[in-house]
Amino acid sequence: MISLCMNAASAYGEQKRLEPMAPDTKDRWKREIDWLLSVTDHVVEFVPIKQKAKDGSIMEVMGTRQRNDLHMNIPALRKLDTMLLECLDNFKGPHEFYYVSKDDDQQKGQQASRNDDKWWIPVPKVPPNGLSETTRKWLQYQKDSVNQVLKAAMAINAQILTEMEIPESYIDALPKNGRASLGDSTYKIITEDFFDPDYLLSTVDLSSEHKIVDFKNKIEASVVIWKRKMTAKDSKSSWGSGVSAEKRELLEDRAETVLLILKHRFPGLPQSDLDISKIEYNKDIGHAILESYSRILETLAFTVLSRIEDVMNADALARNPSCAVQKKYSIRERTGSERFSNNNEDSEESQTPSSMTLLDFMGWNLEQGETDGRRDSNDDSEPKHLSKSENMITNKKLSYIERLEALGGSRSPTARH
């Protein structure tokens with residue numbers, strides 16, 4: 001796993017420009033991925049198979065095959081890996097945008113104006129009047145393709161982490177109940193009859209990465225607590241409580257909805273305490289390989305997507321010089337107060353009416369009328385509760401393979417955007 005992470009860092013970590021990966025780097029990447037995944041051929045499970053005896057009779061015996069989760073996810077991850085490499089290959093040859101040398105005086109001036117956390121990344125240059133309409137559409141298509149890889153990798157990684165066992169060390173450190181984990185104010189909002197996750201998030205301080213991760217940790221801890229209480233058989237146990245199982249299930253569903261929204265709005269967040277704990281104490285080699293491979297693809301797709309965003313931002317500024325504020329995709333590229341307040345603006349401007357969000361992809365679709373209502377409510381000076389409980393609808397959750405199948409057989413982004 002360490003070798004895979006180091007190779008990923010060397011292969012993609014220096015992806016400062018939109019250009020194909022060097023041939024030797026690509027060969028090394030593919031070779032080491034093959035080495036890693038070769039182990040999964042020996043992670044098997046017993047299944048009944050029919051065998052023909054010498055006398056012609058058919059009998060059923062136990063045979064082995066690759067474990068089902070590996071059999072389904074490894075081809076999907078390989079496909080996403082290939083899509084990402086093909087996207088980089090598409091940037092071969094001359095384009096309307098380019099990158100100037102570090103020694104260029106104009107480049108130095110622009111570098112000084114960038115955020116300190118991106119000082120080493122070259123600033124893309126576009127024609128004075130911006131990119132042509134053809135190039136702009138082509139660039140948007142590439143962005144959609146990489147965004148598709150990102151969403152699929154996130155879905156697979158989230159599913160694998162869900163299947164990992166929660167270590168006892170994490171459980172022992174949990175508060176006694178959900179209220180103690182969330183705090184009185186958050187717990188009161190999440191237990192109300194009319195629940196709106198957007199209103200809940202508007203009451204929480206999400207001005208920094210640390211505060212967002214801390215809030216995510218509290219939500220995840222409360223989900224674990226409620227799940228354990230629902231499965232606890234001994235009513236006198238320390239996990240017992242007077243809350244009904246139906247209400248705990250409702251609270252868990254609401255909390256998981258909030259987690260999905262957080263991951264959609266802030267895709268660059270570090271791993272939570274629960275995820276780190278699962279990975280650290282995981283003893284299943286199959287889960288370890290799937291989790292690390294999907295997490296690396298998620299990170300790499302995010303890096304390429306950021307480079308595409310840099311070019312699109314340069315184009316937007318060239319076409320509209322009065323626009324002094326560039327949009328940022330990564331949470332690490334936002335200042336604290338901008339991250340939450342500007343997120344809705346970015347998503348509304350970048351998405352087309354038919355585009356799919358991560359909520360759609362994960363199977364948590366919301367009605368269009370509800371979405372419009374929430375956007376209108378965001379324009380008010382004070383957040384308001386929803387007037388009807390029907391305004392918060394969560395559909396049946398899909399499995400990770402069903403989410404991938406939602407992409408379509410050809411995995412074409414035009415079917416989803």
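## Basis of the report

This is a predicted model, in which local features need pLDDT of at least 70 and side-chain atom pairs count only at pLDDT 80 or more, while totals for chains, interfaces and linings use all residues. Residues are numbered from 1 along each chain as its sequence is written, and side-chain values use heavy atoms, with hydrogens and water left out.

## Overall composition

The chain contains 18 helices and 4 strands; these are DSSP runs numbered from the N terminus, helices (H or I) having at least four residues and strands (E) at least two. Of the 417 residues, 44% are buried (buried is under 20% relative accessible area, exposed over 50%, and partly exposed in between, with a 1.4 Å probe and protein chains only). Among contacts (heavy atoms within 4.5 Å) with a separation of 6 or more, 78% join residues 24 or more positions apart.

## Helices H3 and H13

The axes of H3 (residues 68-89) and H13 (residues 285-319) come within 11 Å and cross at roughly 20°. H3 is therefore roughly parallel to H13. Axes are lines fitted to C-alpha atoms, for helices over the stretch in contact, and angles run from 0 to 180 degrees between N-to-C directions; under 35 degrees counts as roughly parallel, over 145 as roughly antiparallel, 65 to 115 as roughly perpendicular and the rest as oblique.

Residues making the contact include Leu70, Asn73 and Leu77 of H3 and Leu290, Tyr293 and Leu297 of H13. By class, the contact has 12 nonpolar, 4 polar and 3 charged residues (Ala, Val, Leu, Ile, Met, Phe, Trp, Tyr, Cys and Pro are nonpolar; Asp, Glu, Lys and Arg are charged; the others, Gly among them, are polar). Asn73 is buried, at 0% relative accessible area. Its C-alpha atom lies 7.6 Å from that of Ile156, 83 residues away along the chain.

## Helices H5 and H13

H5 and H13 pack with axes 8 Å apart at an angle of about 155°, so H5 is roughly antiparallel to H13. This crossing is left-handed, and the contact comprises 18 nonpolar, 6 polar and 9 charged residues.

## Ser132 and Glu96

Ser132 occupies the loop between strand E4 (124-125) and helix H5 (133-163). Ser132 is partly exposed, with 27% relative accessibility. The side chains of Ser132 and Glu96 form a polar contact of 2.6 Å (N or O atoms within 3.5 Å; within protein, one must be able to donate a hydrogen and the other to accept it, and residues adjacent in sequence count only if both atoms are side-chain atoms). The two residues are 36 positions apart in sequence, with a C-alpha to C-alpha distance of 8.1 Å.

Notes
A crossing is left-handed if the near helix is turned anticlockwise from the far one by less than a right angle, and right-handed if clockwise.
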